[in-house]
Amino acid sequence: MPAPRKKGKLPRNYILVAAKKVFPEMVRLRRNIHSQPELSFREFKTTRLVLGELKKLGIVGRVTKAKTGVIATINGSGKGRTIAIRADMDALPIQETTGLSFASKRKGVMHACGHDSHIAVLLGLAKILTEYNRRHGLPGNIRLIFQPGEESGSRTYGPGSSFMVNEGAMKGVSAVLGFHFISEYKLGRVHVRKGIRDQAISFIKFSISSDGGHGASNSEIPDIVAISAKIRADIDRIYNPQKPSKLRAVSLRCDHGQVSGTDRFNVMPTGITHTLAFRASVPEKERTRIFKKLLTNIRGAYLKNGKPWKQKGLRFRITSIEYGLPATENDPKLAELAKEVAKEHPDVNAIYSRQTVGSEDFSGYTHSKLGRIPGLYISIGTSSKELIKRHGGRKPDHHESSFDIDERAMRIAVSLLAETCIRYLNKR
Ligand SMILES: [Zn+2]
Ligand SMILES: [Zn+2]
């Protein structure tokens, strides 16, 4: 049964005070989650913890069919719009070396990207907004998305964000917020950008193979290492599918390669695979056009009528094409709203807006089978003198075994997000 509302004016700094009040609880939760990290799509214990914390607030969370990940809603007046906020939940296969009192108790697994604190912030936000709803009444609804598998998708379920969309996380949602703590930025700095923020990413995997042979036998056995280096350089040359003005927006890199068939000096290798990562900070339509052109160019150069190219015992084959995540594109109105909130925040002293070089699976919420949904992804700085001192004079970076944050960033994050949600729901 919904709690009775006590309408009336709340103090202007209500959210800031509420964030301060919930801060010790967020710290406790973050440390607890940090000590029990779980890998992508195996966040079972974390899921149970989230469910339990939501239950304390009277919120019934729904667990996905993967038994990891939770979808929940704080129902406001019922007539207004619904805004979703997503926190990712997974850890990484890294052996922690921080020496913190709440360091990982699981060998070889660590929350080295800060997702432990993302979960704590979303739970803190649930607490603040539930209380706000009880006292003042929310003019709309809040969807809470605790997402598994951001670092790595699942073979069965795909990327975490698309999986949550398929599970109904975005049903009835008119805007979605995402956030990430960033060690590169000092505490008090936030990143809010209008338009494209993170890169779209696609992969093309190709292989070059031969029958191999004795390393000393004769010069007719193809040297596939040299040939593959040439093909790789050729692809860079034929890769010019766009106007020069757009060149900086798109990049092609060899993410990784693998040589098979030999680890000996006298046995010629029989296969080499390359994975090309194609990154683009352009709108989705533009990315599709450029990527298709690139594929056509590669096929034209290395396939004969769409079939693998063969020559003197050599074979070239495109083994897979993965049309990955779209670019994270921030809705201008949502970005403006969050900027307005950040500017008024007493603990925010700088707002950045530059484009990033990475990719984020958050774009799975804004570009899905449901069509385009306005979204905003923001970053919040976590570095401070105290943190650097604690780590022997250096700033611990994401995906490092010494990764850590200044926990005060959680207080800034929760107040920014809560205020943005309320103002969004109040806008007609
Ligand atoms: Zn990460
Ligand atoms: Zn991350």
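Predicted model: local features only at pLDDT ≥ 70, side-chain atom pairs only at ≥ 80, totals over all residues.
The domain assignment divides the chain into two parts. Domain 1 is made of two segments, 14-198 and 328-426, and domain 2 covers 200-322. The C-alpha centres of domain 1 and domain 2 are 38 Å apart. Contact between them involves 5 residues of domain 1 and 6 residues of domain 2. On the side of domain 1 that touches domain 2, the residues comprise 1 nonpolar, 3 polar and 1 charged.

Two packed helices are described by the angle between their axes and the distance between the axes. For helix α1 (residues 14-35) and helix α10 (residues 408-426), the axes come within 8 Å and the crossing angle is roughly 130 degrees. The crossing of α1 past α10 is right-handed. From α1, the contact includes I15, L16, A19, K20, V22, F23, M26 and R30; these meet M410, R411, V414, S415, A418 and E419 of α10. By class, the contact of α1 with α10 contains 9 nonpolar, 1 polar and 4 charged residues.

G160 is located in helix α4, which spans residues 160-166. Because 31 C-beta neighbours lie inside 10 Å, G160 counts as buried, the threshold being 20 or more. Leaving aside residues up to four places away in sequence, G160 touches D88, Q147, P148, G149, E150, G153 and D361. Of these contacts, D361 is 201 residues from G160 along the chain, with 7.4 Å between the two C-alpha atoms.

Note on methods
Residues numbered from 1 in each chain as written. Chains lettered and ligands numbered in written order. Helix = DSSP H or I, 4+ residues; strand = E, 2+ residues; numbered from the N terminus. Buried ≥ 20, exposed ≤ 12 C-beta atoms within 10 Å, placed from the backbone. Contact = placed C-beta atoms within 7 Å. Domains from an automatic or database assignment. Nonpolar A, V, L, I, M, F, W, Y, C, P; charged D, E, K, R; others polar. Axes fitted to C-alpha atoms, helices over the stretch in contact; angles between N-to-C directions. Left-handed = near helix turned anticlockwise from the far one by under 90°.
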